[in-house]
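Some notes on the model, as requested. They take the domains first, then the chain contact, then the overall fold.

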2 protein chains.
Amino acid sequence: MLLVIDGLGGLPSPETGETELETANTPNLDQLAAKGICGLIDPVSPGITPGSAPGHLALFGYNPVNFNTGRGILEAIGINFDLQQGDIAARGNFCTTDEMGLVTDRRAGRISTERCTELCQLLDGLVIDKVKILVRPVREHRFIVVFRGQSLIPDVSDSDPQQLGVAPMVITALCPEADRMAGIANQFIAQARTALAEHYPTNMVLLRGFSRLPQLPTMGEVYKLKPAAIASYPMYRGLARLVGMEILETGTSIEDEFMTLKQNYANYDFFFLHIKGTDSAGEDGDFDRKVRIIEQVDNALSELLSLEPDVIVVTGDHSTPALLRAHSWHPVPILLYSRWCRPDRVSQFSESACVSGGLGRFPATQIMPLAMANALKLNKFGA
Amino acid sequence: MLLVIDGLGGLPSPETGETELETANTPNLDQLAAKGICGLIDPVSPGITPGSAPGHLALFGYNPVNFNTGRGILEAIGINFDLQQGDIAARGNFCTTDEMGLVTDRRAGRISTERCTELCQLLDGLVIDKVKILVRPVREHRFIVVFRGQSLIPDVSDSDPQQLGVAPMVITALCPEADRMAGIANQFIAQARTALAEHYPTNMVLLRGFSRLPQLPTMGEVYKLKPAAIASYPMYRGLARLVGMEILETGTSIEDEFMTLKQNYANYDFFFLHIKGTDSAGEDGDFDRKVRIIEQVDNALSELLSLEPDVIVVTGDHSTPALLRAHSWHPVPILLYSRWCRPDRVSQFSESACVSGGLGRFPATQIMPLAMANALKLNKFGA
């Protein structure tokens, strides 16, 4: 049972000297920490602030530096787009250019999502050189373009110049095999410019982050598990699907998620349950809300404990201190409980207590082997 | 602000059970430890005793195993020789050979540095096949030879047999491209033998460690910093120059160094300040002197604190326990303070307290990413 409390780690409030997790009243987590073993994880590497994708891939046991997921693919996953093998996805912006063709606003004044949806419909469904082009809205000025066709490779440059006062860049192939992809992308942009000509201020598109699904071995292949994911936000369902988890339908509340766990408990041997609210509260700089959501999770935990999983891991994919209003590099508290863990002296689940935990400080990619060992699912290495 | 107290780590005195750092009265360091986060670093790898070059390269964020600096180059840096790109440097010994040409003393009775200087002048300035040969004294029987010319590569064997009763070895090319270098080195040795014939017991030279400046990306390139170095000893200035730091003129005392910091504080965004005395005291086996120098540094620290750097790192490049009279493999205490660090419960800067620090035990190469993160100078990895 892998319970991910997104952005769990924090920084101490200047008033109290206690972090969000330390402030929260968490009797269930503390009891689990007392029975289990604690520590701190680095999702990517000390000092490195992880995005959500690398943070989660590390928790699932995949080195996030080796398996970097491109921006286009992540955006597509984020809106739950049904990516197929071979699809090339790019992140797009509707933008504004002047009569010289120079970019004057990379976000076209942050148009509404409704307007974005209308414009996407205008561009969706083109076919260029037998490649079908699918365009879907994300939010505000953001959209994705998916190129679906034979033998496309994503090694092309961006058209987004990431600055104002210059023209969008011509997309170029970064290796000879990507010539066709570059050509099709440039034709798409030319046709988009024509289609948008009368739609000032959204009269141009900028594309970046061309990428395809990373070739990840599934968790079924790597760990011989039958894994399921419970997450109310699409992006985390998408990340779980990337590593071959089955996605369980669930509601939007924490209680819904734990209920889904209970209902499906007999049918899988690995669960990833994702709590989003802690990260959102941290990003909003709302210390108290983050505290309250941690307390809610702690409360819902009794549902999980009653199922008596062989191994319980509680951690986060990164820290999101309310003081920083952003993801951060600080290591994330982790607790592991199983019948076979070697308990340490930590009796409170908190950043400061985890410093002296028996797991020490270690890379997040080692969690899965550790959890598998505690489930007695690994063989001896060597004779 | 990277404050390196050379050879900082120690071993407990058998009388008191306390190390040099634990014995020293260090109110400023202790206060900083209480506000900051502590840990222990391994400069190269657990159990490996670092030389000064690997120790410092690791602190600057360069893997010292990948960027190994040849002996010749290190000796040249050590005497502040103005190396140019393409120069090949070798470490030399004046030695004694018998009438058969066999080595009878690899150090020619450890002649004085004055005598070494005279002999170097005898050999300096030769030109062989358009290669200019510069010879400079180091200390006692030690000198350096620098070969300056077109397209020389350092992949040649040593002439120093590292044992007695055998002849100096002919230098051979370790790859075909190094044939010219080997030939010129052998000609130099032949001419040196002739020039020294009447100078028994210093009648021969032994060369080893042919090397050139390693191709290190500068700290400016890697970290986009404008770094400056304050070090009273030439070798550390040389190491700082290797990674692109600007070298600030300073005096010989600790107070001079901190004054130089203050005077130049506005002009750079990274400072490396090096304290040599602790290492020298350790190598001399002088426990009490090492304690006193640590106390001097602690006292001077208030100057540094008044500048309010965003990030302060205090550590050493390796341990030099007075009991061992040498560099050692023991991990080195480190403290990091920034507005954004997550403080731990350590309130004393010492080897034993750092064991339970929030940074844990980690490779020294991770200090720079951590410091950069704490200065909010790193972007998020992945989406």
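1. In this predicted model, the C-alpha centres of domain 1 and domain 2 of chain A are 35 Å apart. The domain assignment places residues 2-67 + 215-374 of chain A in domain 1 and residues 72-211 in domain 2.

2. Six residues of domain 1 of chain A and five residues of domain 2 of chain A form the contact between these domains. On the domain 1 side, helix α8 (residues 234-242) of chain A contributes the most, with five residues. By class, that side of domain 1 of chain A consists of four nonpolar residues, one polar and one charged.

3. The contact between the chains involves 27 residues from chain A and 19 residues from chain B. On the chain A side, two or more residues each come from α3 (52-59), α4 (71-78), α12 (351-354) and β14 (360-363) of chain A. The side of chain A that touches chain B divides into 13 nonpolar, 11 polar and three charged residues.

4. As for secondary structure, 13 helices and 14 strands are found in chain A. Among contacts in chain A with a separation of 6 or more, 70% join residues 24 or more positions apart.

5. Of the 383 residues in chain A, 52% are buried.

Definitions and conventions: Residues numbered from 1 in each chain as written. Chains lettered and ligands numbered in written order. Predicted model: local features only at pLDDT ≥ 70, side-chain atom pairs only at ≥ 80, totals over all residues. Domains from an automatic or database assignment. Contact = placed C-beta atoms within 7 Å. Helix = DSSP H or I, 4+ residues; strand = E, 2+ residues; numbered from the N terminus. Nonpolar A, V, L, I, M, F, W, Y, C, P; charged D, E, K, R; others polar. Buried ≥ 20, exposed ≤ 12 C-beta atoms within 10 Å, placed from the backbone.
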